[in-house]
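Please examine the structure before reading the solutions.

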Amino acid sequence: MASKLKVGIIGGAGYTGGEAIRLLINHPWVELAFVHSRSNAGQPLHAIHRDLTGETELKFADKPGEGDILFLCLGHGESKKFLEENSIAPSTKIIDLSQDFRLGEKS
């Protein structure tokens, strides 16, 4: 792979966001471009996820950044709301880890 994929995480302060950070922070094909959290903006990631101490100097962002892939690690019902309120580049791949976009039940 010539260049790393730029990845962003929305909702990085919660459990799912923390697990996504742990999986991606040292991945050889990934550059963790930003981790967004409204309630923890400006704080270092390790202030919330203590096991990340020494792994990164990244701080929680107050606004979403740009990337190739965007993980939505928000509470149920929040992913749809986030996408309605924010403009995401059409080329960005979105992976939603909530239930907002799951397939409906078949009748």
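**Exercise 1.** Determine why the overall dimensions of the protein agree with those of a compact globule.

*Solution.* A compact globule of 107 residues would have a radius of gyration near 13 Å, and the protein has 14 Å, so the two agree. The radius is taken over C-alpha atoms, and the globule rule is 2.2 Å times the number of residues to the power 0.38. Along the principal axes, the C-alpha trace spans about 50 × 35 × 25 Å.

The model is predicted: local features need pLDDT of at least 70, side-chain atom pairs count only at pLDDT 80 or more, and totals for chains, interfaces and linings use all residues. Residues are numbered from 1 along each chain as its sequence is written, and side-chain values use heavy atoms, with hydrogens and water left out.

**Exercise 2.** State the order of the secondary structure elements along the sequence.

*Solution.* Begin with the inventory: the protein has three helices and five strands. Helices (H or I, at least four residues) and strands (E, at least two) are DSSP runs, numbered from the N terminus. Reading along the sequence then gives β-α-β-α-β-β-α-β.

**Exercise 3.** Identify the residues with the most contacts inside the largest nonpolar core, and the elements that supply it.

*Solution.* A nonpolar core is a set of buried Ala, Val, Leu, Ile, Met, Phe, Trp, Tyr and Cys residues joined through side-chain atoms within 4.5 Å. Buried means under 20% relative accessible area, exposed over 50%, and partly exposed in between (1.4 Å probe, protein chains only). The largest such core has 15 residues, and Val7, Ile9, Ile21, Leu32, Val35 and Phe71 have the most contacts inside it. Two or more residues each come from strand E1 (5-10), helix H1 (15-24), strand E2 (30-36) and strand E4 (69-72). A second, separate core has six residues, including Ile10, Phe34, Leu70 and Phe82.

Next, consider the surroundings of Ile9. Leaving aside residues up to four places away in sequence, Ile9 is in contact (heavy atoms within 4.5 Å) with residues including Gly17, Ala20, Leu24, Leu32, Leu70 and Cys73.

**Exercise 4.** Is His76 buried or exposed, and which residues does it touch?

*Solution.* His76 lies in the loop between E4 and helix H3 (78-85). Its relative accessibility is 52%, and therefore His76 counts as exposed. Beyond residues up to four places away in sequence, His76 touches Ser98, Gln99 and Asp100. His76 and Phe101, 25 residues apart in sequence, are 9.8 Å apart in space, C-alpha to C-alpha.
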